[in-house]
Amino acid sequence: MLKTDVLIIGGGLAGLSAAKALEGKKSCLVAERENRPGGLAATVKKGGFHFDYSGHLLHLRWPRTSRLILGALGSNCRRLKRDARIFAHNRWTPYPFQANLSGMPDKVKAECVSGFLKAYNAGGGTGDGSEVFSRWTRRVFGDGISRHFMLPYNAKLWRYPLERLTTEWCAPFVPLPRPEEVIEGAYGRKAEGLGYNTFFHYPKRGGIGALANALAMGSSGLRLGLEVESVNLKKGLAMVRHFGPVYFKRLINTSPLKDFVLMAEDAPAAVRRAAASLRHNTVYVLNLGVKGVKSDMHWGYFPGDKFPFYRAGLASNFSAELSPRGCASFYVEFSTAGEALDLASAEAAALKGLKACGLLGPGARVVEKLWLKIPCAYVVYNKERTAALPVIGDWLKARKAQSIGRYGGWKYSFMEESVKEGLEAADRLLGRH
Ligand SMILES: Cc1cc2nc3c(=O)[nH]c(=O)nc-3n(C[C@H](O)[C@H](O)[C@H](O)COP(=O)(O)OP(=O)(O)OC[C@H]3O[C@@H](n4cnc5c(N)ncnc54)[C@H](O)[C@@H]3O)c2cc1C
């Protein structure tokens, strides 16, 4: 039996950051079920390649978290300017589509620009997030941009009816250009600097896992290979597989909220019902090590039906150290509503698609591959989520427990936000909020 001031479930970036801020101030156990830290921000080595769970790029916005992240990485970090594109109508155009239509055929350009202006003149506006995506995108971007990019791309990514997807997640992720930017992007200069990810940081060596490894270094409370099987918030007791009971005064959860409620013995029926209504998709990432590739691009979006994947990127363009000399590495992302993906046919479609868009030329040869599965990848924003989160949140608050991070908070967020939430959860425990 172990007693600790704070039990943290999960040694991903949220859990590691919370533990770092509590170090020396509270006794702390970070139970991480995997045999490595980092959660989704981890890197797997295979055949001389370093593969992440798809592109994991650092978008830094806040001073405190930037200091922590850049301080942890030290000299093992570089800053890059985004080269992201969209492949539609058999050609490339720069990201974001809505402000960079220059690469599209004239007919598509005209349809998108006139649709945008019509929507803009009708009032536009971002809305409060309650509007459903299918209506929102037409109202904000017009019919053309919606038809040629927003609707097919998001249908492929979310695997959830866009007539039921709410838009609370859109503001930071979907750049809204001004009319002059749409027109100039279609008929003149390339629109630069739009969106949250114009610049990004990435480790020079070791893949994104280098960040978690750096944060985990010297963390006295981190224990790998420990899976929390049940918790009782009222009793302050958790049962940990192959370890036994852990008594805690306070709890920080970073595991998926839906799973956490399931393992909470004392969760009331209303909280269980709320958690049961939460939905998410599943993402399968095909990582490929390839010889004979020439492209400077970072990643591309694929709205078209011909491509069963929604995004593909060249990880070795984030850092050449991710692949052996003379080789490049790709990640190709497929989304499902939870059903298993037929890996053999998905792989064949990925190779066909990468050839069709020109990323794999005739001389390219695949020398390594690794499938990685992200069972809970994007949480679905729907009205059930909007209703469920306050119910679960009130119960957690009453029990003085915190559930944070991308999945603990059941949100669409980034690594930096998980780090921020870890630090803020520690602040609250230390009475600093
Ligand atoms: C496809 C995809 C691409 C992404 N790309 C980017 C990007 O480019 N840039 C970016 O900033 N962010 C990106 N993200 C988001 C990023 O991965 C997350 O925001 C961040 O890593 C989440 O960290 P976390 O600590 O909140 O959660 P997690 O990383 O999920 O950590 C939770 C931890 O809890 C552990 N755990 C779960 N249950 C238990 C249990 N019962 N007992 C013990 N341990 C348990 C898990 O093993 C895991 O280690 C992407 C996400 C996806 C899905």
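**Ground rules**

I worked from a predicted model, in which local features need pLDDT of at least 70 and side-chain atom pairs count only at pLDDT 80 or more, while totals for chains, interfaces and linings use all residues. Residues are numbered from 1 along each chain as its sequence is written, and side-chain values use heavy atoms, with hydrogens and water left out.

**Salt bridges**

I searched the whole structure for salt bridges (a side-chain nitrogen of Lys or Arg within 4 Å of a carboxyl oxygen of Asp or Glu), and the search gave 24.

I looked up Lys109 and Asp106, whose side chains form a salt bridge at 3.8 Å, N to O. Both residues belong to helix H3 (residues 106–121), where they are three residues apart, about one turn of the helix; helices (H or I, at least four residues) and strands (E, at least two) are DSSP runs numbered from the N terminus. I noted for myself that an α-helix has 3.6 residues a turn, so residues three or four places apart point the same way. For cover I used relative accessible area, with buried under 20%, exposed over 50% and partly exposed in between (1.4 Å probe, protein chains only). On that scale Lys109 is buried at 10%, whereas Asp106 is exposed at 60%.

I then turned to Glu229 and Arg241, which meet through their side chains in a salt bridge of 3.3 Å, N to O. Glu229 is in strand E10 (residues 228–232) and Arg241 is in the loop between strand E11 (237–240) and strand E12 (244–253), so this pair ties together parts that are twelve residues apart in sequence. Glu229 is partly exposed at 40%, and Arg241 is partly exposed at 36%. I also found these two residues in a network of salt bridges that links Arg33, Glu34, Glu227, Glu229 and Arg241.

Because Arg399 lies in the loop between helix H11 (383–398) and strand E18 (401–403), and Asp266 in the loop between helix H8 (257–263) and helix H9 (269–276), the pair ties together parts that are 133 residues apart in sequence. Arg399 is partly exposed at 33%, while Asp266 is buried at 18%.

**Ligand shell**

Which residues are closest to the ligand? I counted 35 residues around the ligand (a heavy atom within 4 Å), the closest being Glu32, His56, Leu57, Met415 and Ser418. By class I recorded 15 nonpolar, 13 polar and seven charged residues in this shell. Helix H1 (13–22), strand E2 (28–32), helix H12 (405–408) and helix H13 (415–429) each supply at least two shell residues, and H12 gives the most, with three.

I checked backbone atoms against ligand oxygen atoms: a backbone N or O atom of Met415 lies 2.8 Å from one, and a backbone N or O atom of Arg406 lies 3.1 Å from one.

**Helix H13**

H13 is mostly covered, with eleven of its 15 residues buried, including Met415, Ser418, Leu423 and Asp427.

Methods:
A polar contact is a pair of N or O atoms within 3.5 Å; within protein, one must be able to donate a hydrogen and the other to accept it, and residues adjacent in sequence count only if both atoms are side-chain atoms. Ala, Val, Leu, Ile, Met, Phe, Trp, Tyr, Cys and Pro count as nonpolar, Asp, Glu, Lys and Arg as charged, and the others, Gly among them, as polar.
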